[in-house]
Amino acid sequence: MNEVFAIRGRVVTASRIITDGAVVVSGDAIVWIGESTAAKEAGFGDEILAATAPSDDRYVLPGLIDVHCHGGGGVSFPDAQTEDQALAAVAEHLRWGTTSLVASLVTQSPMVLREKAELLAGMCEAGKLAGIHFEGPFIAQGHCGAQNPAHIQAPNAPLARELLIASRGYAVSMTFAPEKPYAMGPSGVAETLIAGGAVPSFGHTDTSSGKMRDALVEVRQTLQHAAHARCAHATVTHLFNGMAPIHHREPGPVPEILADAAGGGVIVELIADGTHVAPSLIRNVYELIGREQMVFVTDAMAATGMGDGDYVLGGQAVTVKEGVATLSQRGGGLAGGTSHLINQVKIAHKAGIPLVDAVYCASRQGAKILGNPQLGEVAPGKFADLLVTDADLNPMEVYKRGSRVF
C-alpha cells in the first residue's frame, strides 16, 4: 500500500501561490493540492495533522528541471568514465532541488561522443538522468566559445543519426549552427533531429540575421508537420552567449530570435546566473517574450558546488576564480557555469520576475522540452518531484517520485 503524506507551506503552482497550502502525495504522485483548511473535506485531514506546520514561511516548489548541464560536484559529463563518476554530478544538483537533469556533452570526436552517449543512455534507462544534450559538433568556429575547435565538423546528418541511435531514444536536443551547409533543408541535421525525437537547438553560430530568420521559419514549419516531435518548439542554446551581439547596422541573430519567440516560435535558453547574462536583461527578455518562450539552464560544469580551482571540460583546462569558469588557454573565455538552478530562480525573482513565473522557467518549461507532461508542476496527477525551501528559497528538503532524497 502506498504511503500517503502531506507537505505544507506556500505552494507555488503554475498559476499562483497558495499561501497556507498543502500537497498530498501517494506513492510517486501528487494526489491533491489546495488550502490546508480544505484538506479535511477532501479526505486528507489526518495527513495534514501529521505534517510539519509551516511557521517559517517555507515554499513548496516543483522539482526543478535543467535541460543544459555539463556537470557538478567535481565531475563533468563529457569527461566521466563511469556511471558512478557521472552520478556525483547528478547528486550535486539533486541536493539543490534539480530533480530532472539533462546531461550535456561538448564538441568532441565522433567516437568519443558515441561512447559518452552510450554511457549516459544507460543512466537515463535507470532513471538517473532525464536525457542527453549534444552541444556540437556542428557549430561555428567564430563563436565556438569553450568548445574545442579541433573537433568541430561540418553538419552531417548520418552522424547525427548515429548519435541518436547511440542515445537509445534519450537524446533531448542538439546544438548546431544553422547557417552551415546541410544544417537545414531536406534531410539536413534539423530535419534528422526532429524525425529522431530530438529538439534542434540553434547556437554557437556565426549566422546573419537573414539566415537566422530563414532557419527559424523553416524549423517552425517542419515541426508543424512532424508526426512525433518531442517538443513543438525548437530551442536556442544560451541566448546571447555563443553568438554575435546586437548592433544597429549589423543586427545579427538575436533580434530575429526574440521576434520569433515573441510570436510563439523558439524557446530560448538563458543562463540566468548574473554572470552570463545581466539580471536586468533576464527581466527584459521575460518582458519581451513571456515565460512560455524562455527556460533557465545552468550550463554548469564540474566546479559547481566545489569552489575555485582547476577543472576540465571536454578535455580542456578550465580555471574557476570567484565562481567564474574560464578557459585556461585560448583567450580565457567563459567555460560553462557554476550555479544551481534554484540560484537562478532567486536572481530572476530579485530582478523583477514574479516568483511563479521564475519557477515556471526552471521547471515546467524544461518538462515541455523533454516532452514529459508529468514533470515540472505541483498539480494532481503529476510526479511527486518537489523542492521545499525556506523563505529565502534556500533548499530544505528534496523529494523525487515521492521519496525524500535530501
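A cavity is a set of grid points where a 1.4 Å probe fits but cannot get out, and its lining residues have an atom within 4 Å of a point. The model discussed here is predicted. A search of the whole structure finds 2 cavities of 30 Å³ or more.

**Cavities**

- The largest cavity holds about 50 Å³ of space.
- Its lining consists of Val12, Thr13, Ala14, Pro62, Val356, Val359, Tyr360, Ser363, Arg364, Gly376 and Glu377.
- By class, the lining of the largest cavity comprises 6 nonpolar, 3 polar and 2 charged residues.
- Helix α10 (residues 355-361) contributes the most to the lining of the largest cavity, with 3 residues.
- The second largest cavity has a volume of about 30 Å³, and the residues around it are Val67, Val172, Ser173, Thr235, Glu269 and Ile369.
- In the lining of the second largest cavity, 3 residues are nonpolar, 2 are polar and 1 is charged.

- The largest pocket contains about 370 Å³ of space.
- It is lined by 21 residues, of which Gly127, Lys128, Leu129, Ala130 and Lys400 are the closest to its centre.
- Helix α2 (83-94) and strand β8 (98-105) each provide at least two residues of the lining of the largest pocket.
- The lining of the largest pocket divides into 10 nonpolar, 7 polar and 4 charged residues.
- For the second largest pocket, the volume is about 270 Å³.
- There are 19 residues in the lining of the second largest pocket, and those closest to its centre are Gly145, Ala146, His204, Leu334 and Ala335.
- The lining of the second largest pocket has 6 nonpolar, 10 polar and 3 charged residues.

- Strands of a sheet pair through backbone hydrogen bonds, in either a parallel or an antiparallel manner.
- In this model, 8 strands form an open sheet with parallel pairing, in the order β5-β8-β9-β10-β11-β12-β13-β14.
- Strands β5 (64-69) and β14 (294-296) stand at the edges and have a single partner strand each, so one side of each is left without a neighbour in the sheet.
- Strand β8 runs parallel to β9 (residues 131-135), and 4 bridges join the two.
- Leu105 is placed opposite Phe134 of β9.
- Helix α2, which supplies residues to the lining of the largest pocket, lies across β5 and β8 and runs at about 140° to β8.

**Backbone details in loops**

- The peptide bond between Gly136 and Pro137 is cis, with an omega of about 15°.
- Pro137 belongs to the loop between β9 and α4 (157-166).
- Asp57 is a residue other than glycine with a positive phi, near 60°.
- Asp57 is situated in the loop between α1 (45-50) and β4 (59-62).
- Is Asp57 buried, partly exposed or exposed? Its relative accessibility is 44%, and therefore Asp57 counts as partly exposed, a class that lies between under 20% for buried and over 50% for exposed.
- Glu322 also is a residue other than glycine with a positive phi, in this case near 55°.
- The loop between β16 (316-321) and β17 (324-327) contains Glu322.
- Glu322 counts as exposed because its relative accessibility is 70%, and the cut-off for exposed is over 50%.

Conventions. Residues are numbered from 1 along each chain as its sequence is written. This is a predicted model: local features need pLDDT of at least 70, side-chain atom pairs count only at pLDDT 80 or more; totals for chains, interfaces and linings use all residues. Side-chain values use heavy atoms; hydrogens and water are left out. On a 1 Å grid over the protein atoms alone, a cavity is a set of points where a 1.4 Å probe fits but cannot get out, and a pocket is an open set with protein on both sides within 12 Å along at least five of seven lines; lining residues have an atom within 4 Å of a point. Grid points are joined across faces, edges and corners, and a volume is the space filled by probe spheres set on the points. Ala, Val, Leu, Ile, Met, Phe, Trp, Tyr, Cys and Pro count as nonpolar, Asp, Glu, Lys and Arg as charged, and the others, Gly among them, as polar. Two strands pair if DSSP finds at least two bridges between them. Contact means heavy atoms within 4.5 Å. Axes are lines fitted to C-alpha atoms, for helices over the stretch in contact, and angles run from 0 to 180 degrees between N-to-C directions. Buried means under 20% relative accessible area, exposed over 50%, partly exposed in between (1.4 Å probe, protein chains only).
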